[in-house]
Amino acid sequence: MKPEDDIQLSIDTMKISDIPGVQVIERHSFSTPWSMQAFIAEITQNDCARYLVIRSQEQVVGYIGMWVILDEGHITNVAVHPAWRRQGIGTRLIKEMAQLAYGLGVRRMTLEVRVSNYRAQALYRKLGFEDAGIRPKYYLDDGEDALIMWKELKSDEFEENTDTGN
């Protein structure tokens, strides 16, 4: 299936059966992809971890992970299959994770992004993340620095219209 086929997309909690599709995306997206065992451990053993996938029918086309620590959420990874990029899927995943996080009591979210990844930085800024610092030599594969970004989660982002007409 191609994105232009106007297929319904659905977001759900990542399951072990989703990991092979997630790994395809990992290999296309990162120079040091996570292993199957790492994802299995995250979704079965890490009580702090939350992972979502977005599917077109049964095909995983994107995913996002987050660790919840007290009232903070740390986005561990987010990626979209190359054939599905520039379709708003990354935006949808981040918004969905932020809403989930807020419901879990998270009030601030953070992430790291390569200093050279201007496209991702622009997306994160559009979604309300702000630059907060640099982690020198953060990426093990090439020693590239990471830009640290933070976002304050506000109730008005997630509450439906609560006007009762009074």
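Let's start with helix α3, where Ile-89, Gly-90, Thr-91, Leu-93, Ile-94, Met-97, Ala-98, Ala-101 and Tyr-102 are buried. One caution before going on: this is a predicted model.

What covers those buried residues? The cover includes strands β1 (9–13), β2 (49–56), β3 (59–69), β4 and β5 (108–114), along with α4 (118–126).

Now the length of the helix. α3 runs over residues 89–103, which is 15 residues. At 1.5 Å a residue, α3 should span 21 Å. Its end C-alpha atoms are 21 Å apart, so the two agree. After α3 comes Gly-105, with a positive phi near 95 degrees.

Is Asn-77 buried or exposed? Its relative accessible area is 6%, so Asn-77 is buried. Its side chain makes a polar contact with the side chain of Thr-76, at 2.9 Å. Beyond its neighbours within four places in sequence, Asn-77 is in contact with Glu-26, Trp-34, Phe-39, Tyr-51, Tyr-63, Ile-64 and Gly-65.

On to charges. Side chains of opposite charge can pair when their charged atoms come close. How many salt bridges does this structure hold? It holds eleven. I'll pick out a few.

Take Glu-152 and Arg-108. Their side chains meet in a salt bridge, 2.8 Å from N to O. Glu-152 is in strand β7 (residues 146–152) and Arg-108 is in strand β5, so this pair links distant parts of the chain, 44 residues apart. Glu-152 is partly exposed, at 41% relative accessibility. Arg-108 is partly exposed too, at 27%.

Strand β5 has another one. The side chains of Arg-114 and Asp-142 form a salt bridge, 3.1 Å from N to O. Arg-114 lies in β5, and Asp-142 in the loop between β6 (130–135) and β7, so the pair ties together parts 28 residues apart in sequence. Arg-114 has a relative accessible area of 19%. The cut-off for buried is under 20%, so Arg-114 counts as buried. Asp-142, at 48%, is partly exposed.

Then Glu-157 and Lys-151. They form a salt bridge, with the closest N and O atoms 3.0 Å apart. Glu-157 is partly exposed, at 38% relative accessibility, whereas Lys-151 is buried, at 8%.

Last, a group of four. Asp-12, Lys-15, Asp-18 and Arg-55 are linked in a network of salt bridges.

Technical notes: Residues numbered from 1 in each chain as written. Predicted model: local features only at pLDDT ≥ 70, side-chain atom pairs only at ≥ 80, totals over all residues. Heavy atoms only, no water. Buried < 20%, exposed > 50% of the residue type's maximum accessible area, 1.4 Å probe, protein only. Polar contact = N/O pair within 3.5 Å; in protein donor to acceptor, adjacent residues only side chain to side chain. Contact = heavy atoms within 4.5 Å. Helix = DSSP H or I, 4+ residues; strand = E, 2+ residues; numbered from the N terminus. Expected span 1.5 Å × (residues − 1).
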